[in-house]
Amino acid sequence: MWTKRLRSPLAWASIVVVGMVAALGLFWFQPWKLLTDTRVDEALPVVERTPPPTGSVSDGAMPGPAATTPIANRIVSAGDFITQEHETTGGAEIVRLADGRHQLVLRDLDTSNGPDLRVWLTDQPVRSGVAGWRVFDDGTWFEVARLKGNRGDQVYDLPTSIDPADFRSVSIWCKRFGVSFGAAALSIS
């Protein structure tokens with residue numbers, strides 16, 4: 001009975017269509033990415049976390065800035081990731097380098113892998129829950145780059161044409177489905 005049905009051109013056409021739909025679905029959703037991780041461990045810029053020593057009154061030096069202290073890298077704004085569409089943890093920092101350039105640093109990022117993940121700077125506030133999944137493309141956003149990996153430390157150079165002060169948050173954005181996997185609100189340091 002089955003062999004008789006398989007001889008029909010309609011049956012073969014149906015099999016081809018089902019196969020094509022399955023292949024397209026696999027390409028579009030890429031479900032295997034939920035089971036794989038890409039780890040990135042880049043060298044992070046060293047930032048000044050405490051003010052430089054200015055001398056002590058007990059050694060006879062006058063308090064004040066040291067004349068020979070070089071300008072160091074410093075954190076301009078920072079925040080911790082919250083979970084949105086997928087479990088996401090870690091931190092984000094915008095660092096102003098001693099030479100005036102800016103970098104976006106993702107520290108200890110841990111999120112799901114997914115199709116077409118990007119790193120976005122946005123002017124939108126970070127909202128928890130489902131209400132925050134799709135807000136980041138509503139206002140002004142800048143696509144920094146494709147996400148290098150879903151785990152680890154990574155650094156992205158920011159072009160001089162953007163002002164980091166214009167952005168309130170960082171989103172790990174799934175461009176294919178228009179949702180945020182996780183986001184960090186940036187607070188001025």
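Q: Why is Arg96 called partly exposed in this predicted model?
A: Arg96 has a relative accessible area of 29%. Buried means under 20% and exposed means over 50%, with partly exposed in between, so Arg96 counts as partly exposed. Arg96 lies in strand 3, residues 89-96.

Q: Which residues does Arg96 touch, leaving aside those up to four places away in sequence?
A: Arg96 touches Ala72, Asn73, Arg74, Val76, Arg101 and His102. As for Arg74, its C-alpha is 5.4 Å from that of Arg96, although 22 residues separate the two in sequence.

Q: How many aromatic pairs does a search of the whole structure find?
A: The search finds 3.

Q: Why is the pair of Trp120 and Trp141 called stacked?
A: The ring centres of Trp120 and Trp141 are 3.9 Å apart and the planes are at 5°. Centres within 6.5 Å make a pair, and planes under 30 degrees apart count as stacked, so Trp120 and Trp141 are a stacked pair. The pair links distant parts of the chain, with Trp120 in strand 5 (residues 117-122) and Trp141 in strand 6 (residues 141-146), 21 residues apart.

Q: Is Trp120 buried or exposed, and what makes it so?
A: Trp120 has 2% relative accessibility. The limit for buried is under 20%, so Trp120 counts as buried. Trp141, at 36% relative accessibility, counts as partly exposed.

Q: What makes the pair of Phe136 and Trp173 edge-to-face?
A: The ring centres of Phe136 and Trp173 are 6.4 Å apart, with the planes at 90°. The centres have to lie within 6.5 Å and the planes over 60 degrees apart, so this pair is edge-to-face. Phe136 lies in the loop between strand 5 and strand 6, and Trp173 in strand 8 (residues 169-174), so the pair ties together parts 37 residues apart in sequence. Both Phe136 and Trp173 are buried. Trp120, Phe136, Trp141 and Trp173 form one aromatic cluster.

Q: Why is Thr122 called buried?
A: The relative accessible area of Thr122 is 0%. Buried means under 20%, so Thr122 is buried. Thr122 lies in strand 5, and among the residues it touches are Phe136 and Trp141.

Q: How do you know that the side chains of Thr122 and Ser169 make a polar contact?
A: The distance given for the contact is 2.5 Å. A polar contact needs a pair of N or O atoms within 3.5 Å, one able to donate a hydrogen and the other to accept it. The side chain of Thr122 also reaches the backbone nitrogen of Gln124, at 3.3 Å.

Definitions and conventions:
Residues are numbered from 1 along each chain as its sequence is written. This is a predicted model: local features need pLDDT of at least 70, side-chain atom pairs count only at pLDDT 80 or more; totals for chains, interfaces and linings use all residues. Side-chain values use heavy atoms; hydrogens and water are left out. Helices (H or I, at least four residues) and strands (E, at least two) are DSSP runs, numbered from the N terminus. Buried means under 20% relative accessible area, exposed over 50%, partly exposed in between (1.4 Å probe, protein chains only). Contact means heavy atoms within 4.5 Å. Rings of Phe, Tyr and Trp (its six-membered ring) pair if their centres lie within 6.5 Å; planes under 30 degrees apart count as stacked, over 60 as edge-to-face and the rest as tilted.
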